[in-house]
Amino acid sequence: MRTRIVYLNLAIASLAIAASVAFSEDQAPKPVAQIGNPDSTRWTATTYEAAASDANKKVLASGKPVTVTGEVVDVSCYLQLGKRGEAHIPCGSKCIEHGQPIGLLDKDEKLYILFAEEHHPRRDGMVDLKKAFAPLLAKTVTVSGMETDMKDYHALFVRASDLDGVKAEKSGTMK
């Protein structure tokens with residue numbers, strides 16, 4: 001009799017876990033913005049030009065086009081204090097406004113630091129990620145760009161031209 005009760009309890013627990021997983025997947029936040037075009041994601045001419053040495057070219061060659069969906073976060077507060085979400089918008093907005101890095105945190109909590117892809121415009125201050133991403137803080141977005149991984153750091157390089165089209169719609173979503 002006890003064995004049957006144990007098996008019954010295990011079956012009930014398994015069903016409860018399966019139901020909660022299915023529910024949480026259905027309730028996952030829908031992206032409010034799609035930034036970048038997965039079909040045209042690649043390194044640009046200025047980035048290739050900046051790869052002056054064989055070592056630079058090797059790192060560049062390791063990059064790959066990806067599309068990542070996740071929450072826009074202020075990297076400094078996230079890494080220092082674990083801050084994220086709606087409650088962190090006032091603080092995170094100030095941090096981003098004053099130059100702290102912006103990141104994308106995927107569902108597996110892999111953090112991508114966001115950068116403008118074009119090397120010379122980025123270097124020369126002609127591209128500003130915060131214009132596109134600061135209004136999206138704590139929101140779920142989908143971003144296509146070039147990914148690099150170096151020593152457990154993950155970077156996602158987004159084309160500046162893809163950032164220009166990010167704007168609020170009347171429905172409250174972004175494009």
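Colleague: What makes Phe115 partly exposed?

Modeller: Its relative accessible area is 32%. Buried means under 20%, exposed over 50%, and partly exposed in between, with a 1.4 Å probe and protein chains only, so Phe115 is partly exposed. Bear in mind that this is a predicted model, where local features need pLDDT of at least 70 and side-chain atom pairs count only at pLDDT 80 or more, while totals for chains, interfaces and linings use all residues. Residues are numbered from 1 along each chain as its sequence is written, and side-chain values use heavy atoms, leaving out hydrogens and water.

Colleague: How do you know whether Phe157 is buried or exposed?

Modeller: Phe157 has a relative accessible area of 14%, so it counts as buried.

Colleague: Why is the pair of Phe115 and Phe157 called stacked?

Modeller: Rings of Phe, Tyr and Trp (its six-membered ring) pair if their centres lie within 6.5 Å; planes under 30 degrees apart count as stacked, over 60 as edge-to-face and the rest as tilted. The centres of Phe115 and Phe157 are 5.2 Å apart and their planes lie at 20°, so this pair is stacked.

Colleague: Nice! And what makes Trp43 buried?

Modeller: Trp43 has 8% relative accessibility, so it is buried.

Colleague: Which residues form the aromatic cluster?

Modeller: Trp43, Phe115 and Phe157 form one cluster.
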